[in-house]
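Open the model in your viewer and keep the selection tool at hand. The tour begins at the ligand and then moves to a pair of side chains.

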Amino acid sequence: MSTATTVSTATTMVRMLTAYWVSRALYTAAKLGVADAVRQLGDGAAVPVEQIARQIAVHPSALRRLLRALASAGVFREEGGPDGPRYGLSPLAEHLLSDAPCSLRNAALMYGEEMSLAWHDLPSAMKDELPSWDRALGADHFGYYQQHPGPARIFDEAMKELGRAMYSDDAIASSYDFIGALGRGATVVDVGGGLGRLLACILQRDVSLQGILFDLPHVIDGARRFHEGSPGAAPVAARPEHLSRLSFEAGNFFERVPGAADAYVLKRILHDWPDDRCRTLLANIARVMKPSGRVLVVEALIPSGSEDHFGKWLDLNMMVVTGGRERTEEEFAALFEGAGLELAGVFRSPTALSVIEATKRACPARGA
Ligand SMILES: C[S@@+](CC[C@H](N)C(=O)[O-])C[C@H]1O[C@@H](n2cnc3c(N)ncnc32)[C@H](O)[C@@H]1O
């Protein structure tokens with residue numbers, strides 16, 4: 001390798017090795033509420049760093065160094081001023097605001113807190129492919145959230161934010177023809193539907209659709225508050241006119257799911273679990289769904305080549321956090337087959353997620 005090539009690859013490598021510095025800095029800005037302070041103080045204009053530091057009670061020089069680094073990455077806007085540098089919001093910084101429609105602030109907290117501890121122990125997950133989350137936090141991912149309401153709220157909010165900003169639930173709901181496939185008056189169960197944003201978007205597609213939001217008890221409590229507390233007030237809650245068609249059911253999907261529905265949506269559920277758990281869950285659905293029903297899995301499809309794809313990184317995240325995985329189309333087909341279902345179609349959405357449709361197998365595989 002020539003000296004020039006070595007310098008260039010070494011520089012690239014060091015940037016990759018230290019990429020977590022960027023995410024720690026973003027996490028810190030999110031945790032401190034820097035973007036909210038800048039907006040409150042500046043109302044669109046850049047603000048002297050001392051003022052921001054006073055507002056959030058941190059050391060001005062430390063904050064100046066944090067903001068200088070983040071501004072160099074395009075997060076925050078730096079302007080010179082007579083009294084030193086001033087900082088304003090850039091389009092990227094708006095994602096760190098707590099109440100912007102594009103907010104990813106809870107996602108920043110979710111990735112930066114417990115999840116980063118699980119990543120820290122990636123080398124040990126290489127030995128047994130078991131989630132290092134459990135070793136680092138003393139409970140499995142969803143069990144931990146059942147015991148820790150604060151982090152659980154952050155996780156549920158982060159899921160809602162990602163559903164709004166990155167995996168647009170509206171775009172996913174419109175990439176599948178619910179009425180064409182299921183007919184009018186169909187019942188759709190959102191299995192592990194979180195706070196129910198996707199289901200609210202589906203119900204808005206047609207006034208005849210009925211929805212059942214199914215999740216763990218603590219999540220269903222939060223979802224009820226979210227939709228019934230101020231229906232339609234939050235931009236993602238069901239509108240009052242749709243609320244009567246939305247019902248809530250708490251339970252464990254490894255034990256049972258609501259019966260006799262026309263469609264079972266599973267958005268970002270199967271990627272949480274290893275194959276044997278997915279087959280149990282899918283078989284529970286196959287057992288009780290209508291014979292003409294559909295299972296609609298909403299997940300990233302991993303391409304088979306070495307092309308750049310965010311799902312390949314998400315796959316590592318699933319390995320360390322929950323013990324789950326991202327899958328190829330062939331891997332989904334095999335999962336369906338082992339649960340008495342068969343792959344019927346793939347519907348791409350403008351997001352990174354596709355709708356993967358399965359129907360009941362005419363002749364279920366033995367043992368399913
Ligand atoms: C990755 S989140 C996805 C949430 C939602 N579908 C979305 O895309 O925003 C996984 C969801 O599965 C739920 N969940 C996990 N284990 C469950 C179980 N055994 N029974 C029912 N729901 C469960 C969690 O509470 C959480 O809401």
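Start by selecting the ligand, which sits in the second largest pocket. The model is a predicted one.

Next, show the residues around the ligand. There are 18 of them, and the closest are Gly192, Asp215, Asn252, Phe253 and Lys267. Colour this shell by class: 9 of its residues are nonpolar, 5 are polar and 4 are charged.

Now go through individual contacts. Select Gly192: one of its backbone N or O atoms is 2.8 Å from a nitrogen atom of the ligand. Move to Asp215, where a side-chain N or O atom lies 2.6 Å from an oxygen atom of the ligand. Then pick Phe253, which has a backbone N or O atom 2.9 Å from a ligand nitrogen atom. How much of the ligand does the protein bury? Taken alone, the ligand exposes 600 Å², and the protein buries 94% of that.

For one of them, select Asp99 and Arg39, whose side chains meet with an N to O distance of 2.8 Å. Asp99 is in the loop between strand S3 (86-88) and helix H6 (105-112), while Arg39 is in helix H3 (residues 34-42), so this pair ties together parts that are 60 residues apart in sequence.

Notes
Residues are numbered from 1 along each chain as its sequence is written. This is a predicted model: local features need pLDDT of at least 70, side-chain atom pairs count only at pLDDT 80 or more; totals for chains, interfaces and linings use all residues. Side-chain values use heavy atoms; hydrogens and water are left out. A residue is near a molecule or strand if one of its heavy atoms lies within 4 Å of it. A polar contact is a pair of N or O atoms within 3.5 Å; within protein, one must be able to donate a hydrogen and the other to accept it, and residues adjacent in sequence count only if both atoms are side-chain atoms. Accessible areas come from the Shrake-Rupley method with a 1.4 Å probe; for residues, only the protein chains shown count as cover. On a 1 Å grid over the protein atoms alone, a cavity is a set of points where a 1.4 Å probe fits but cannot get out, and a pocket is an open set with protein on both sides within 12 Å along at least five of seven lines; lining residues have an atom within 4 Å of a point. A molecule sits in a cavity or pocket if more than half of its atoms lie within 2 Å of its grid points. Ala, Val, Leu, Ile, Met, Phe, Trp, Tyr, Cys and Pro count as nonpolar, Asp, Glu, Lys and Arg as charged, and the others, Gly among them, as polar. A salt bridge is a side-chain nitrogen of Lys or Arg within 4 Å of a carboxyl oxygen of Asp or Glu. Helices (H or I, at least four residues) and strands (E, at least two) are DSSP runs, numbered from the N terminus.
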